Amino acid sequence: MANDVGSIPDLVQKKHDVGEVVKIICLGDSAVGKSKLMERFLMDEYRPQQMSTYALTLYHHQTTIGNKNVVVDFWDTAGQERFQSMHPSYYHKAHACIMVFDVQRKITYKNLYNWYKELREYRPEIPCCVVANKIDADLKMAQRSFNFGKKHGLPLYYVSAADGTNVVKMFRDMIKKALDYKQNPRDFIDEVLQELENFDLEKKEENSEADEDGLKTESPEFV
Amino acid sequence: MSFEAKRCGVQFNPPSIVLLYVHTDTKKMRKRIIPVRSFSKYSDCSLAAENLKNHPRHRDYLDRVSQSQLEKLHIILRDHLQGFSLEHSLASFQLNADEDLNKLDDEILARKKGQMDKLFEMNKKHKDDPDFVYDLEVDFGKKSQEKCSWDEESDDGF
Ligand SMILES: Nc1nc2c(ncn2[C@@H]2O[C@H](COP(=O)(O)OP(=O)(O)O)[C@@H](O)[C@H]2O)c(=O)[nH]1
Ligand SMILES: [Mg+2]
């Protein structure tokens, strides 16, 4: 198995004591309310860590799901959305994605298509949801069905970072899905990477011939 | 004696903030011109607004003018010093649902967000409100749903 405990180095082991660590990313146009949603969910815990050189903001959140401790690293953009594209490291090892649009601005809904396309280039399988934010501004929009989510099989949440409607529910659901994904990954590429990491540890000395093709045939259960 | 601010605006030469107010005793409309001092195209508008709001000679007149409005007026004055037209300044505060905000620089984006904040603050539930619910859930039900017109043109992916 890919996550054979014996082969996980010490450092990772320690992290596991704190709880499972998952990474959740936020996507969407400028000013749709991504940061306000984080703020509303985290409340007093809201202590963003600005990484201005990378135009991103990180938030750490500790919680329990079932009886498991979970540490969530939320990644929020801080202006990188301007390029309508994110740096690959933003997507790297993400376990779930929250995609937000503003119900007052159609263009932000239409742009979901581009965000989603980019997400799937890097993370073909991670759980993702569509969030219709600012419904306090126009309650009628909560009575509208939006095709985008349906078409791609993504759950849709009608939320408001202002009055709090469905914000916590959406985040809790996504943390659960991220955790579930981490424990049962479906992205083949993750497995290959993990295999490679383990491989490195075990066979440092050997001049391994483990090219990608070789690994692919070794772990068919993940395909 | 108190004053009721009615309208405010700017004057570019010399850079000043103009206030129309009513004297509550006499009910007379008056105009007050407040020159902004030591203000340059590099000044911090938020700080300038705060200083003016607390200024001993002006604060009573400005009691009903919000600090964010004073900040906006300072921004218009500063834009002018930077060579921007009044139209540019006013447009930068305007929200237009069709505009692609991804294309804006930080400064103008912040102005748009400032405009959005008015509604946000109005609708915001604070955590010390008696009826605040942290994990507020609302089920909007699927039965009464109509299709959103945004989906009408059948683009790729929608
Ligand atoms: N009415 C309303 N306004 C919101 C809501 N969420 C965000 N906003 C407004 O939208 C602006 C942009 O939000 P922000 O979180 O900075 O967007 P981001 O660029 O996606 O991170 C904020 O300044 C708020 O004024 C909401 O739920 N309701
Ligand atoms: Mg933001």
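## Helices and a pocket

Helices here are DSSP runs of H or I with at least four residues, numbered from the N terminus. The model is predicted.

Which element gives the most to the lining of the second largest pocket? Helix 4 of chain B does, with 9 residues. This helix covers residues 106-123. Other elements that give two or more residues to the lining are helix 2 (34-42), strand 3 (56-65) and strand 4 (68-77), each in chain A.

Rolling a probe the size of a water molecule over the atoms shows where empty space is left. The second largest pocket holds about 780 Å³ of space. Its lining counts 40 residues. Nearest the centre lie Ala31(A), Gly33(A) and Lys36(A) from chain A, along with Lys113(B) and Met116(B) from chain B. The lining is made up of 15 nonpolar, 11 polar and 14 charged residues.

## Helix 4 against helix 2 in chain B

Helix 4 of chain B also meets helix 2 of chain B, residues 67-81. The two axes come within 13 Å and cross at roughly 155 degrees. Angles over 145 degrees count as roughly antiparallel, so helix 2 of chain B is roughly antiparallel to helix 4 of chain B. The crossing is left-handed.

Helix 2 of chain B brings Lys72(B), Ile75(B), Arg78(B) and Asp79(B) to the contact. Helix 4 of chain B brings Glu107(B), Arg111(B), Gln115(B) and Lys118(B). By class, this contact has 6 charged residues, 1 polar and 1 nonpolar.

## Helix 1 against helix 2 in chain B

Helix 2 of chain B packs with helix 1 of chain B, residues 45-53, as well. Here the axes are 8 Å apart and the angle is about 125 degrees. That angle makes helix 1 of chain B oblique to helix 2 of chain B. Is the crossing left-handed or right-handed? Helix 1 of chain B passes helix 2 of chain B in a right-handed crossing.

Among the contact residues of helix 1 of chain B are Cys45(B), Ala48(B), Ala49(B) and Leu52(B). Those of helix 2 of chain B include Leu70(B), His74(B), Ile75(B) and Arg78(B). The contact of helix 1 of chain B with helix 2 of chain B counts 6 nonpolar, 3 polar and 4 charged residues. Ile75(B) and Arg78(B) also take part in the contact with helix 4 of chain B.

## Helix 2 against helix 7 in chain A

In chain A, the axes of helix 2 and helix 7 (residues 167-183) come within 9 Å. They cross at roughly 90 degrees, which means that helix 2 of chain A is roughly perpendicular to helix 7 of chain A.

Leu37(A), Met38(A), Arg40(A) and Phe41(A) of helix 2 of chain A take part. They meet Val167(A), Val168(A), Phe171(A), Arg172(A) and Ile175(A) of helix 7 of chain A. This contact has 7 nonpolar and 2 charged residues, with no polar ones.

## Two backbone features

Most residues other than glycine have a negative phi, and most peptide bonds are trans.

Asn13(B) and Pro14(B) are joined by a cis peptide bond, with omega about -10 degrees. Pro14(B) sits in the loop between strand 1 (3-11) and strand 2 (16-23) of chain B. In chain A, Lys134(A) is not a glycine, yet has a positive phi of about 75 degrees. Lys134(A) lies in the loop between strand 6 (128-133) and strand 7 (144-145) of chain A.

Technical notes: Residues numbered from 1 in each chain as written. Chains lettered and ligands numbered in written order. Predicted model: local features only at pLDDT ≥ 70, side-chain atom pairs only at ≥ 80, totals over all residues. Heavy atoms only, no water. Axes fitted to C-alpha atoms, helices over the stretch in contact; angles between N-to-C directions. Parallel < 35°, antiparallel > 145°, perpendicular 65-115°, else oblique. Left-handed = near helix turned anticlockwise from the far one by under 90°. Contact = heavy atoms within 4.5 Å. Nonpolar A, V, L, I, M, F, W, Y, C, P; charged D, E, K, R; others polar. 1 Å grid on protein atoms, 1.4 Å probe; cavity = no way out; pocket = protein on both sides within 12 Å on 5 of 7 lines; lining within 4 Å. Points joined across faces, edges and corners; volume = space filled by probe spheres on them.
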